[in-house]
Amino acid sequence: MDSAAYARWSILHPYVLLILVALFWAVNVVLARGVSGTIPPITLNVLRWTIALALLLPIAWPQLAGKGQVVRKHFAELVVLAVPSIAIYNTFIYIGTRTTTATNAGLIVGTMPIAILVLGSLAGEEQLTTRRIAGIAISFAGVVLIIAKGTLALVYELSFSSGDLFIIGSVVSWAVYSILLRRFAIPLGAFALLAVLSAIGLALCTPFCAWELLHGERIVWSTGTLAALIYVGIFPSVIATIFWNGAVAQVGAGTAGLFTNLIPVFSLILAVSLLSESINPFQLVGMNLIFTAIWLVSRQAPSSESVRPDSNVPGGVDVSSSQSSLQQPIDRAMAA
């Protein structure tokens with residue numbers, strides 16, 4: 001890679017990527033609520049990944065050339081990765097946002113880092129150190145303050161609907177994907193891997209999409225609907241997933257998961273700036289708690305979460321040292 005390209009990618013620190021991922025996902029959730037009455041949830045997920053795959057193929061095709069044997073050899077692992085990341089995660093979010101409240105949804109999404117750390121600990125991929133446990137507790141407290149707006153009675157009075165259960169399922173599915181992402185060694189470039197996962201996920205979702213449409217669900221087309229589809233097909237699908245994969249390879253799923261607590265923060269900022277909603281002091285305190293927690297946990301990330309020397313991450317990227325920079329997986333992805 002030439003020096004100009006190297007300089008361009010070197011500014012993409014893992015934490016910067018994770019902040020952008022949280023922003024893209026926050027907009028995705030807001031849009032999901034906005035189009036819940038105009039696009040059926042499974043259809044939305046299928047259209048989302050159809051757009052994403054169409055964008056990925058021209059970039060991924062050179063990486064996939066001659067890799068048929070690799071895909072066949074690792075097909076079972078690819079399916080296992082595609083099910084939670086492509087087929088389940090956003091489908092469950094889109095289904096859940098139809099019936100759950102903003103309070104419940106935000107609080108449940110805030111548990112994602114806890115789910116990732118717990119599953120990672122059980123799988124032997126993460127360490128629950130005192131600093132990390134403290135960071136998780138502080139960040140969760142911040143999420144509660146943001147969602148409850150300082151009125152803890154709202155937390156006590158929560159009642160869970162089927163939509164809440166779908167949101168919980170989406171959190172668990174992404175936690176499973178994040179843990180498996182570092183465990184599987186699939187020698188495909190980053191874009192090739194995402195393209196293959198997208199194709200598999202689409203194949204799994206399409207029959208359910210057909211069932212949904214045959215049972216009376218319809219798309220209400222408009223300029224807003226089309227704009228929402230273009231956004232979800234590009235930013236939270238392609239760009240955010242590539243950013244997430246690269247960041248997880250560097251800092252681990254546990255630290256990466258903590259940044260998902262920025263989703264309700266960004267959602268609040270978007271609501272204030274775009275919808276003229278008010279913000280109260282408790283929400284400001286909650287945001288500060290979340291940023292404090294991210295700082296607390298990220299300080300120890302290089303030593304406690306560095307990838308083992310004998311491990312591989314998807315894309316055939318070797319990150320055997322905690323000093324390995326993010327441009328390594330990006331360079332290899334772009335070089336093929």
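In the predicted model, the side chains of Arg-98 and Glu-217 meet in a salt bridge, with a nitrogen-to-oxygen distance of 3.0 Å. Arg-98 is placed in the loop between α5 (75–96) and α6 (102–109), and Glu-217 in the loop between α11 (190–214) and α12, so the pair ties together parts that are 119 residues apart in sequence. Arg-98 counts as partly exposed, at 36% relative accessibility. Glu-217 is likewise partly exposed, its relative accessible area being 25%. The structure holds 1 salt bridge.

Helix α12 (residues 223–251) also takes part in a helix–helix packing, its partner being helix α3 (residues 41–64). Two packed helices are described by the angle between their axes and the distance between the axes. For α3 and α12 the angle is about 65 degrees, and the axes are 8 Å apart. The crossing of α3 past α12 is right-handed. On the side of α3, the contact is made by Leu-44, Leu-47, Arg-48, Trp-49, Ile-51, Ala-52, Leu-55 and Leu-56. Helix α12 contributes Leu-229, Ile-230, Val-232, Gly-233, Ile-234, Pro-236, Ser-237, Val-238 and Thr-241. By residue class, the contact of α3 with α12 comprises 13 nonpolar, 3 polar and 1 charged residues.

Trp-174 and Tyr-177 both belong to helix α10, where they are 3 residues apart, about one turn of the helix. Both residues, Trp-174 and Tyr-177, are buried. Together with Trp-25, Tyr-89 and Trp-244, Trp-174 and Tyr-177 form one aromatic cluster.

Leu-180 is also located in helix α10, which covers residues 162–183. With a relative accessibility of 18%, Leu-180 counts as buried, because the class requires a value under 20%. When neighbours within four places in sequence are left aside, Leu-180 is in contact with Val-80 and Leu-81. The C-alpha atom of Leu-180 is separated by 9.3 Å from that of Ala-123, a residue 57 residues apart from Leu-180 along the chain.

Definitions and conventions. Residues are numbered from 1 along each chain as its sequence is written. This is a predicted model: local features need pLDDT of at least 70, side-chain atom pairs count only at pLDDT 80 or more; totals for chains, interfaces and linings use all residues. Side-chain values use heavy atoms; hydrogens and water are left out. Helices (H or I, at least four residues) and strands (E, at least two) are DSSP runs, numbered from the N terminus. Buried means under 20% relative accessible area, exposed over 50%, partly exposed in between (1.4 Å probe, protein chains only). Contact means heavy atoms within 4.5 Å. Axes are lines fitted to C-alpha atoms, for helices over the stretch in contact, and angles run from 0 to 180 degrees between N-to-C directions. A crossing is left-handed if the near helix is turned anticlockwise from the far one by less than a right angle, and right-handed if clockwise. Ala, Val, Leu, Ile, Met, Phe, Trp, Tyr, Cys and Pro count as nonpolar, Asp, Glu, Lys and Arg as charged, and the others, Gly among them, as polar. A salt bridge is a side-chain nitrogen of Lys or Arg within 4 Å of a carboxyl oxygen of Asp or Glu. Rings of Phe, Tyr and Trp (its six-membered ring) pair if their centres lie within 6.5 Å; planes under 30 degrees apart count as stacked, over 60 as edge-to-face and the rest as tilted.
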